[in-house]
Amino acid sequence: MPKKPTTTELQQHIADLTEALQRERADAVNIRRRHEEQIKGLKDLIKTSVIEELIPVIDNFERALKHVPQDLAENEYIKGVQGVVKQFEQTLTQMGVEKVKTVGEVFDPALHEAVGMEDGDGDVEVVCEELQPGYRLGNQVIRHAMVKVKKEK
Amino acid sequence: MGKIIGIDLGTTNSAMAVMQSGKPEIIANTEGNRTTPSVVAINKNDERLVGQVANRQRVTNPKNTIFGIKRLIGRKFSDKEVQKDLDLMPYEIVKSGNGVKVKMGDKEYSPEEVSAMILGKLKADAEKFLGEPVTEAVITVPAYFDDSQRQATKDAGKIAGLEVKRIINEPTAAALAYGLDQKKEEKVAVFDLGGGTFDVSILQLGDGVFEVLATNGDTHLGGEDFDLKIVNHFVDEFKKESGIDVKKDKAAMQRLKEEAEKAKKELSTTEVADINLPFLTADADGPKHFEYKLTRAKLVELVQDYIDQTEAPIKKALKDAKLTAKDINEVILVGGMTRMPAVIAKVKEIFGKEPLKGVNPDEVVAVGAAIQGGVLQGDVKDVLLLDVTPLSLGIETLGGVATKLIERNTTVPTSKSEVFSTAADNQPQVEIHVVQGEREMVSDNKSLGRFVLDGIPPAPRGVPQVEVIFNIDANGILNVTAKDKGSGKEQSITIQNSGNLDKEEVEKAAKEAEAHAEEDKEKRAAIEARNQLDSAVYQAEKLKSDSKDKLSEDDIKVLEKAVEAAKEVLKDDKADKEKLEAAAKEMTDKMMPIGAKLYEKAAKDEENSEKDSDEKPKDGKDKDDEPVEGEVVDDKKEK
C-alpha cells in the first residue's frame, strides 16, 4: 500500500504547483504581449521585406539609365523609360522609403557599410563614394548603403 | 524569477534561445536577426559596437575591431593557435602574464572581457525580448575546450552580469535539441560545419551522462570557403565572356558575393540557379552583363574538395573513440553548410545512415542550451502535463451541419461559449447534439451525446438566445451546458471520454476530413444557402404580415409571388448552392424596394419605433447582421 504523504510533502507539492502555475501565467502574459507586438510590427515587416526584394531591381534600373549611350540620350524612348524609373522611385517615396544619405556625410555604421577606406589627412571619417545606395523606412534601415570612407579634416 | 537563457557563443556568430511554456524558442536580437555576429569594436569616439554594426565599420577601423575572439579565449600566449593568429588577425594581440590580451583603442582587453561584451549585448536583447531581467545562462563551448578555456568562458559570463549555471559541450547541446537523452545507451556523431570551422564529435550517451569519446576537425574550413570558391568561378566565367576582370571592382564583387550565397542556398532545393546581374560593370564598349546558369552538379564539382576534407577528421575521431562508422546510432548535423545536399550525401556515405533532421542547424546548439537551462530551472512539464483535444468538438445546427466550438489540437483545460437561436416561431425546445470530428456534416462525425433544453418561452424564430458552453477540464472531461438567456433555464451533459482516442482513430478522422474536405464544403455551402433562402422567405412573410396595412396591394402581390417561387425551390431536396443562392437573391431583390418604401414612409410619419426597424433588417442583404436561423442556430459569425 502506498504511504500517505506527510503534511510537509503536501505543502511542498502545493508550493511546487503554485510556482509552476505562476511561471505558466507569466509565460502566457509575455507570449501574448510579444504576439501583440509582432502583429503590430507585421505590417512594417511585410512592407520592408517586399521592398528589400525589389531593391536589386531598382539598382538595375538606375544602372541601366547610367549607361544610356550618348547618341541615344535625347531619344524619346529612353526618356519614356526614364519616366518609368522616376515613377517607381516616386512610388517608393510615397510609401515612406527614403534613400540613405551618403557622399559627404559622416560615416555611420548604423546606416553605412564600409567596403573601402581611402587615406587622407584628418580624423573625421566621411563617406567619399557610394557603391550601392541604401534605403530606409522611417528609422528602420532596409539596406545599408555600401560606401567608401575617407578621413578628412 | 528570471529565466535561464541558452547561449551558443560562436566563433563567427552567436545565437540564443529560451524555454517558453516547455518549448525552446530562439531569441532574435534587437535588429530582428536570429544570430548575432561575434564581433566587437571600439570606434574613435570611444563607443562600443557589438554585432552587425561592428562588422559594417570593420574596414574603416580594422585595428580596433575584434572578431574570432573564441580562438583566443583561455589560451596561453605561447599556444600554437595564438601564434598563428598573431599574423592572421588585423588587430593587435599582446602578451599578458601567460595569457593574451587584445588592443582596442588605447586599452588592452582580455578575451574574457571581449566575450563579455558580446554576451552583454545578447543579455540586453534577451531582456528586451522577454520583458524581464536575465541573470542566468547556459553557455556552450566546443567539446575540445580545456578547463582553462571553459573557466574563461564562465568568467566572461560573470563580467557580463550572467551567472553561468552550466557550461555544456556544443555537440551535447545538439543532441539535447534532438531530444536524445542519457537514458538510452547510444553513440552519436555530431557533424558541425559552420561558417569558418569544422568539428566532429563522437558522443556516448547512457548511465546518466553525455561522454565525449573523441573530437576532431579543421579550424579553417567552412561555408566562407565554399562561397569564395563560387565567387571565383563567377569571376572566371565573366572574364571568359567579357574579357574583363572584376576582382578590383568592389561593387561588382559585392554583387557576385551576394549572388553566390543566394545561389548556394537555392541549389539546396533546386537543380539550377539562374544568375542574372545586368550592368555588372562597364568598359569603353559599354555596359557588361553577367548571365549564367549554375547547376547543382557544377556547384558540387567546385566544392567537392572541401566536402572531402571532412572525411579524414571523421575517420580519425572514430578511430580515437575506438569505434567504426557502424557503431554510430545517430548522426546530428550542425551549422548552415549542412543544408547542402552534397554535404548530407557525404555524411550518409561515411556513416551509412540518414542524419537526424528537423531542427534548424544554425540554431540547434542554442536550442539545446536552452533545453539544458530549462532542465536546471526545474522541469515544469513534470508537474503540469498539458493535453490537447485530439478532435474538434461542436454541436449540430440546422440542416445537419456540425458547428465546431472547440477546434482540434486546442490545449486543455479550455472553455468556449457561443449563442444560438431557434429555427421556428414559438419553438419550445432545442436539442443539443454534441459531436466530435473534423467533417462538416454531423452524419460523418461521431455523436457523443444529446440532451434537450425545454421551456423556452414562445417567441419568433431567431429571437431566443440559447448560450451553449463547452468546458473541458484538465482530464479531458467535457461538460456541455445550454442556457436559455430569457428564462434562465439550463441543462447540461458530461461526457467522460471525449479525449480518449487512440492515435490511429485520430489520424483516420483527420485523413478522412482532408479527403472529403471539398465535398463537405460544398454540402455545407448548399445547406447554408438553403438556410439563407429559408430565412429570406420567413422575412418576406413577416414583412407581409407585420406591415399589411402599410403595403400597397401590388407590393403584397409581388411578395406573395416571390415567396411562392422560393418555396418551390426549397421543396427540391437536390437543389444545389447556385440555384438556392439565385433564388435567395431574387427574393431579396424583390423585398428591398418594398422595404425601402416602408422606411421612407416611416421616416415621413416619424411614428415608427426606430429600434424595432434597426433590429430587423427587412432587406436581408447584409448576411453578417442577420442570424442564420436553424433548429439550433449560430447567432454569431464564426471565429
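## Salt bridges

A salt bridge is taken here to be a side-chain nitrogen of Lys or Arg within 4 Å of a carboxyl oxygen of Asp or Glu, and by this rule the predicted model holds 42 salt bridges over all chains. Side chains of opposite charge can pair when their charged atoms come close. One of these bridges is formed by R34(B) and E363(B), whose closest N and O atoms are 2.6 Å apart. This pair links distant parts of the chain, for R34(B) belongs to the loop between β3 (23-26) and β4 (36-37) of chain B, while E363(B) belongs to the loop between α10 (341-351) and α11 (364-377) of chain B, 329 residues apart. With a relative accessible area of 44%, R34(B) is partly exposed, whereas E363(B), with a relative accessible area of 8%, is buried.

In another salt bridge of chain B, K348(B) pairs with E354(B), and here the closest N and O atoms are 3.5 Å apart. The relative accessibility of K348(B) is 35%, so K348(B) counts as partly exposed, and E354(B) counts as partly exposed at 45%. Salt bridges that share partners also build a network, which joins D308(B), E311(B), K315(B), K346(B) and E349(B).

## Aromatic pairs

Over all chains, the structure holds 9 aromatic pairs. Because F61(A) lies in helix α1 (residues 7-66) of chain A and F88(A) in helix α2 (residues 76-94) of chain A, the pair ties together parts that are 27 residues apart in sequence. F61(A) counts as partly exposed at 29% relative accessibility, and F88(A) counts as partly exposed at 22%.

In chain B, the rings of F67(B) and Y91(B) have centres 5.8 Å apart and planes at 90 degrees; planes over 60 degrees apart count as edge-to-face, so this pair is edge-to-face. F67(B) lies in strand β7 (residues 65-67) of chain B and Y91(B) in the loop between α2 (80-88) and β8 (93-96) of chain B, so the pair ties together parts that are 24 residues apart in sequence. Y91(B) has a relative accessible area of 3% and is therefore buried. Elsewhere in chain B, ring pairs link F234(B), F238(B), F290(B) and Y292(B) into a cluster.

## Charges over rings

Rings also meet charged groups in chain B. The charged end of K229(B) sits over the ring of Y306(B), at 5.1 Å from its centre, and the charged end of R461(B) sits over the ring of Y538(B), at 4.5 Å from its centre.

## Helix α3 of chain B

Helix α3 (residues 111-130) of chain B has 20 residues, which at 1.5 Å a residue should span 28 Å, and its end C-alpha atoms are 28 Å apart, in agreement with that expectation. Of the 20 residues of α3(B), 15 are buried, so this helix is largely enclosed by the rest of the structure. Just after α3(B) comes G131(B), which takes a positive phi of about 70 degrees.

The size of an interface is often given as the accessible area lost when the parts come together. Chain A and chain B bury about 2900 Å² between them, and 60% of this area is on carbon and sulfur atoms. In chain A, the residues that lose the most area to chain B are R23(A), R34(A) and H67(A), which together account for 21% of what that side buries. In terms of contacts, 31 residues of chain A touch 30 residues of chain B.

Across the interface of chain A and chain B the rule finds 1 salt bridge. R34(A) forms a salt bridge with E25(B), and the closest N and O atoms of this pair are 3.4 Å apart.

Methods:
Residues numbered from 1 in each chain as written. Chains lettered and ligands numbered in written order. Predicted model: local features only at pLDDT ≥ 70, side-chain atom pairs only at ≥ 80, totals over all residues. Heavy atoms only, no water. Helix = DSSP H or I, 4+ residues; strand = E, 2+ residues; numbered from the N terminus. Expected span 1.5 Å × (residues − 1). Buried < 20%, exposed > 50% of the residue type's maximum accessible area, 1.4 Å probe, protein only. Phe/Tyr/Trp six-rings, centres within 6.5 Å; stacked < 30°, edge-to-face > 60°. Lys NZ or Arg CZ within 6 Å of the ring centre and 35° of its normal. Contact = heavy atoms within 4.5 Å. Buried area = accessible area lost by both parts, 1.4 Å probe.
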